[in-house]
Amino acid sequence: MSRQDHGLWVGRSYLHFLLPVPTLSAVEIDLLDRAIGAADGWTPAAVTDSGPVLSRAWETPAKAELRLAVLSWYPAFVTLGPPGRSGRAARSARERVAELVLSQGGFLVGDPELARVHERLADRWARAVALQREIDELEFALEQRQCVQCGSAAARRAAHCPTCRRRFTGAEDVASDDQHRGVEAALHDRVAQLTALARGEGIFAQWPAAAAGSRPGASADGGPGAGAGAGGAADAASAAPDRPVPRVVPHR
Ligand SMILES: [Zn+2]
């Protein structure tokens, strides 16, 4: 009934979907638990819940099983299906999840589109990591100024350099304010780009709906993330102001 194709489970028993969030957090997992558990006595099987969710399993007293695997982040790309034969309980749970996905502004991905979607998502995680790193640096720079005499960093509003005690001049204060505005603008731009990645903008023309959840600050731009390096920690805490987003730490 099912086969594994390019590492992706395909076949009628599987449901693939995108959600307009960076990763699966406790919020989405709770929704999934409730949708799946709404009938047939489904409960989560032994699962670990620290950090971003990569997989989850559910079972019924009659030993039906469902498994979920997160295929990609920014946005969350997920596959759900039974590890073995599909029965009525699994099919019915899958239908409830499909309804949930649509109600959450998600997108159901058919088998024929699977490889293409996977390909399009391939570099988004690395872009998100690079953007997050830039955001961290910009946030740090936002409240800093530099002493022209000794090169030490000081708090942006400091009157004296903490190292050489030189007093900052009025002209330097003006320059520091200019720099602050520049950093602030760059920060807003990178946050908008990260928000667009997290929402899944730029994968399909018709998804996500622009008005969905009416998130302020979401940008249709979705330009390429600057910077090469990957690795390090990333989070999207500032990317979706209307809901908590977990800090995402890549596995090393
Ligand atoms: Zn100094």
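In this predicted model, helix 4 (residues 124–142) packs against helix 5 (residues 170–199) at an angle of about 155 degrees, with the axes 9 Å apart. Helices (H or I, at least four residues) and strands (E, at least two) are DSSP runs, numbered from the N terminus. Axes are lines fitted to C-alpha atoms, for helices over the stretch in contact; angles run from 0 to 180 degrees between N-to-C directions. The two helices are therefore roughly antiparallel (angles over 145 degrees). Their crossing is left-handed (the near helix is turned anticlockwise from the far one by less than a right angle).

Residues of helix 4 that meet helix 5 include Leu 131, Ile 135 and Leu 138; from helix 5, Val 183, Leu 187 and Leu 194 are among the partners. Contact requires C-beta atoms, placed from the backbone, within 7 Å. By class, this contact has twelve nonpolar, three polar and six charged residues. Ala, Val, Leu, Ile, Met, Phe, Trp, Tyr, Cys and Pro count as nonpolar, Asp, Glu, Lys and Arg as charged, and the others, Gly among them, as polar.

Strand 5 (residues 55–59) runs antiparallel to strand 6 (residues 65–72), joined by five bridges. Pairing requires at least two DSSP bridges. Glu 59 stands opposite Glu 65. Five residues separate the strands in this hairpin, where Lys 63 takes a positive phi near 75 degrees. Strand 6 also runs antiparallel to strand 7 (residues 76–81), again through five bridges. Here Val 70 stands opposite Val 78. Three residues lie between these strands, and Tyr 74 takes a positive phi near 60 degrees.

Residues are numbered from 1 along each chain as its sequence is written. In this predicted model, local features need pLDDT of at least 70 and side-chain atom pairs count only at pLDDT 80 or more, while totals for chains, interfaces and linings use all residues.

Technical notes: Angles under 35 degrees count as roughly parallel, over 145 as roughly antiparallel, 65 to 115 as roughly perpendicular and the rest as oblique. Two residues are in contact if their C-beta atoms, placed from the backbone, lie within 7 Å.
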